There are 2 protein chains.
Amino acid sequence: MFRSHTCGKLRVENINTEVTLAGWVQTVRKFGSITFVDLRDRYGITQLLFNENLNAELDANPLGREFVIQVKGKVSERSNKNLNIPTGEIEIAVESFSILNKSITPPFTIQDDTDGGDELRMKYRFLDLRRNAVKKNLELRYAVGRSARNYLHENEFMDIETPFLIKSTPEGARDFVVPSRMNAGQFYALPQSPQTFKQLLMVSGYDRYYQIVKCFRDEDLRADRQPEFTQIDCEMTFVEQEDIIQMFEKMIRRIFKDVKNIDYNEAIEKITWEEAMWTYGNDKPDIRFGMKLNNLKFPAHTFPTKVDISATIKSDFAVFNEAETVIAFCVQNCNDYSRKQTDELVEWVKRPQIGMKGLAFIKCNVDGTFKSSIDKFYTEEQLKNIATTCHAVAGDLILILAGAEEKTRKATSDLRMHMGTTLGLRNANDFKLLWVVDFPLFEYAEEDNRWVARHHPFTSPKPSDINTMINNNPKIENAAEYLKHPYANIKANAYDMVLNGNEIGGGSIRIYQKELQQKMFAALGMDDAEQQHKFGFLLGAFEYGAPPHGGIAFGFDRLCSILGGSESIRDFIAFPKNNSGRDVMIDAPSTIDNKQFEELQIKLDFKD
Amino acid sequence: MFRSHTCGKLRVENINTEVTLAGWVQTVRKFGSITFVDLRDRYGITQLLFNENLNAELDANPLGREFVIQVKGKVSERSNKNLNIPTGEIEIAVESFSILNKSITPPFTIQDDTDGGDELRMKYRFLDLRRNAVKKNLELRYAVGRSARNYLHENEFMDIETPFLIKSTPEGARDFVVPSRMNAGQFYALPQSPQTFKQLLMVSGYDRYYQIVKCFRDEDLRADRQPEFTQIDCEMTFVEQEDIIQMFEKMIRRIFKDVKNIDYNEAIEKITWEEAMWTYGNDKPDIRFGMKLNNLKFPAHTFPTKVDISATIKSDFAVFNEAETVIAFCVQNCNDYSRKQTDELVEWVKRPQIGMKGLAFIKCNVDGTFKSSIDKFYTEEQLKNIATTCHAVAGDLILILAGAEEKTRKATSDLRMHMGTTLGLRNANDFKLLWVVDFPLFEYAEEDNRWVARHHPFTSPKPSDINTMINNNPKIENAAEYLKHPYANIKANAYDMVLNGNEIGGGSIRIYQKELQQKMFAALGMDDAEQQHKFGFLLGAFEYGAPPHGGIAFGFDRLCSILGGSESIRDFIAFPKNNSGRDVMIDAPSTIDNKQFEELQIKLDFKD
């Protein structure tokens, strides 16, 4: 060992102890004939005092930032204590030192408020990782993983490794593939998730499985997506939806306690997917704040159970009259927004990312009157009715968007989030969990005029919808009226856990009957041969006593980033890739040798 | 929940409790109007008693092997107790039951002594995994992983995930590669180990890292190798060899205690690589038994420090006279081997896998005389001298092999292991650990007439050998005399942990100085451009204050198999691949779609 103690260890009770420390030079401060050095390692910082006896040696071997040194000396009490750090009451009176390795000047400062830009920090990630801010993130990540493992272990889950070299069965996202040298012309695929394997483990009777495991998706990377990402992947046998929900909300509460020391004792609300879309315009709503949506007008087929109140906004206003959807929400205490402020909001919704044509507002004046951007079309009485519908009171501001259903709902959701952020209602240190349940089983894929699985093809329909699924032909005769197809209303035994407006976990009760699984595959357009080629092993397994089972997978990177109060998952990954899927530090991907092409019996085939 | 208790839970204290169980039908035994069913799940087996009231229902819904059923009933005391199983004092008086899923007849029995052959069991791995024997293996694997994690956590190691999509830098084994769609013409590689990343983490100051992580090597699979395998991968900063050795032998002791309840308190012997080769003919000797080798003759350059005793065997015996190497070892108490038995040993060494031309033996008779296959060439006095050299006493048998050095040494090692097995000295429940240290840094690659790294290119030479390395040209002028090159004698700061004749872990103290790392790469035949292309990031990192560091990686699959008393790692992997790298259950690798080829811009290029 190069050290007797770490740089975070020594305290006043160690005074007069002879110690050896090793670490990195954080700062060098020379005062006349004495020199102070802050020595850093993972565990902390200890101040070193080089007295005049070492002057000559220091001159001959000057210490620079990020040099790695070893020092021997005696712990002594500081005259000028720093009570902000645990070692701040002592320093080391250095008796001898040696430079273990030098450092050239780092391209950015190793500090929380570094001067390094994103690109530079990624290229020199090994230096970026030295910064306390990044180290804290990885420590949090480790703590989250450890907490989850402990909880799952105590609940009889077993960590079982599933293979990484599997079979390509693209259904939804693209697979990364791996050419096989020993089986020329054939390819492995990297798993998008261990889904079918964990289900087989349930068929095999393992009862409770988990894995913290890398998954791979070859998708065009939006901001904050990674081609390789990590899941806390879990599966249980002999369970229904409520069993999974209870087991895993306990896990998240445990993580809050272990990692953040937060007692998250409040009940976790469950809302249906339809209710989430109706109330928040979004299936992963941020419920740290209210501003619930009020659907002044909507297409009947989208929310068939909801009451049509479009009479409320009947007038000559063509924009609302022609719109498929009109949604309003109330922003409390903002009726004093200036013209500049409302103009900014109009510009905000007109940005290409939102793409709306405009924004209407109603100010609820404190005297009970209304001032609105649309008051030439609406009587005071009508404005009052809208305000009442939006639960607005004097002093509030009502924002209204109108247009095509999907776009308008999304825009309203985005605007709600924007207002939440603007008004400081989305504090990174507040945490609010939510379950969203009863998702549609199918989604309509316009390009192919067919159904695709909203979650994945192994998710079961609600028991009450099984007959609808079995007794109807999945074929969509009339594309324009796909919503009238019975499949459009089939609900899935699926659930998402949402934290602060992010989906942190999602899962479902699975299909475990061969016939229903075949029906599902057929509904997605797979004929028997394709079913057999891709999933024959699973259909086969279902013939030998497959038990009811279900599970959930948590996005580990995302969960960590939210707990760490950050928007970026990249900050919580030791060696992340950029938006082109490149690791700029090691410069990967890269070319390979001719010999490798020859052995794999493949060649490049560039398209023009 | 489909159950109130698992099938391993109920005891006499639960008698009269109303319970609901779910599980698999292990056996159905009908006795007149009552039927006994053994219901199985991961946790155990519970006996169910269906009385005559359920006869009609059972007839209408007959239960078969591996059916999944749910039963409600009352716990009652068994009249005929089975004290071999924890639930054997009770049974469930079934009141109602339902079949959750049926099973067709499994292709083999779900029992420890199954009638299924290897191929069938791999194809139906999901059924094979139901067998208790396999389940116990995966439970042991989980226990080993958990024990390692707990130990490492308590010692301040952090689990940090390293990337799977990295850069191809083949050096030794072949990489699996992954074509990049977003960077057409470029490839990722799957990691053969996280070696460079864990070293970067040390450069970044993480001090103690671990990961239980999948690694990938595209090698022709010998028996019991897998293209994907798992390592317990560890790295520490500011350490020397002895620090690593102490830290990780404690980890293995902890695993023995946690997993096998074995107090492995004895000191773990350390021997040098040269001593292992000299004494056992093998760098991973099984020291559960003696039978140490006695080198009657050997090439001087191989063991320059050892005393030449070849005078002992001077005679007219051409075989020994012409042999480069003659090695003998003593098998205790076997002088009564019959002609048939010694003939069988001769045949054994002549098999192509061993490839020797013959085997000499000396029987040390109880009366002090000797009977030998070579006694026409040797005087009684000479035979006695050989016996003394071999520490043989009256009653022992001496076996002697002669021939070319490498082949003879390996054959003698194999024969020693064979005798150990034959004589029952290699009990799977005995465990004997050993460290082998001071490996050569380089190995000679005949085909290229150059040096290759015996461990890997990041392993440091012993400090006393650094000057030899720096001050000599790695070029080998005279291939025939490569052993006289100064590099042949450079020893590595490397160590292997050996358990029962298997290398379970290996590691080294790393190079952390840029110049030495460059010298190492150059010694392996990499010019500056290649060094920069492949490992520029590491050389770069070494410029910014790289600390002394070292580590070790344990073969997790192998460690588990030895602890489980098995020769086969496949038995300890949930979904293993066969010797052609195929998963026969899911039928992977397989062909991919044209669309995938197009997107990846590659095509097949079959060689004739």
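Arg217(A), Arg222(A), Arg225(A) and Lys284(A) gather in a patch of positive charge on the surface of the predicted model. A patch is made of residues with over 30% relative accessible area and no salt bridge, like charges being joined within 9 Å and nonpolar side chains (Val, Leu, Ile, Met, Phe, Trp, Tyr) within 5 Å. Lys and Arg count as positive and Asp and Glu as negative, while His and the chain ends are not counted; a charge is placed at NZ of Lys, CZ of Arg, CG of Asp or CD of Glu. Accessible areas come from the Shrake-Rupley method with a 1.4 Å probe, and for residues only the protein chains shown count as cover. Arg217(A) lies in the loop between strand 9 (208-216) and strand 10 (228-237) of chain A and is partly exposed, with a relative accessible area of 32% (buried is under 20%, exposed over 50%, partly exposed in between). Helices (H or I, at least four residues) and strands (E, at least two) are DSSP runs numbered from the N terminus.

A patch of negative charge on the surface is formed by Asp367(A), Asp375(A), Glu380(A) and Glu381(A). Asp367(A) sits in the loop between strand 14 (360-364) and strand 15 (370-372) of chain A, where it is exposed at a relative accessible area of 57%.

Residues are numbered from 1 along each chain as its sequence is written, with chains lettered from A and ligands numbered from 1 in the order in which they are written. In this predicted model local features need pLDDT of at least 70 and side-chain atom pairs count only at pLDDT 80 or more, whereas totals for chains, interfaces and linings use all residues; side-chain values use heavy atoms, with hydrogens and water left out.

Over all chains, the structure holds 94 salt bridges (a side-chain nitrogen of Lys or Arg within 4 Å of a carboxyl oxygen of Asp or Glu). One of them joins Asp118(A) and Arg570(A), at 3.7 Å from N to O. Asp118(A) lies in helix 2 (residues 118-123) and Arg570(A) in the loop between helix 15 and helix 16 of chain A, so the pair ties together parts that are 452 residues apart in sequence. Asp118(A) is partly exposed at 42%, whereas Arg570(A) is buried at 13%.

In chain B, Asp118(B) forms a salt bridge with Arg121(B), with the closest N and O atoms 3.4 Å apart. These two residues are three apart in helix 2 (residues 118-123) of chain B, a separation of about one helical turn. Arg121(B) is buried, at 14% relative accessibility.

Two polar contacts involve buried residues (a pair of N or O atoms within 3.5 Å; within protein, one must be able to donate a hydrogen and the other to accept it, and residues adjacent in sequence count only if both atoms are side-chain atoms). The side chain of Arg125(A), in helix 3 (residues 125-128) of chain A, contacts that of Asp128(A) at 2.8 Å; Arg125(A) has 2% relative accessibility. Thr325(B), in strand 13 (residues 325-331) of chain B, has 0% relative accessibility, and its side chain is joined to that of Glu405(B) by a polar contact of 2.6 Å.

Backbone features were also noted. The peptide bond from Ala588(A) to Pro589(A) is cis, with omega near 0°, and the bond from Ala588(B) to Pro589(B) is likewise cis. Glu156(A), although not a glycine, has a positive phi of about 65°.

Conventions
Buried < 20%, exposed > 50% of the residue type's maximum accessible area, 1.4 Å probe, protein only.
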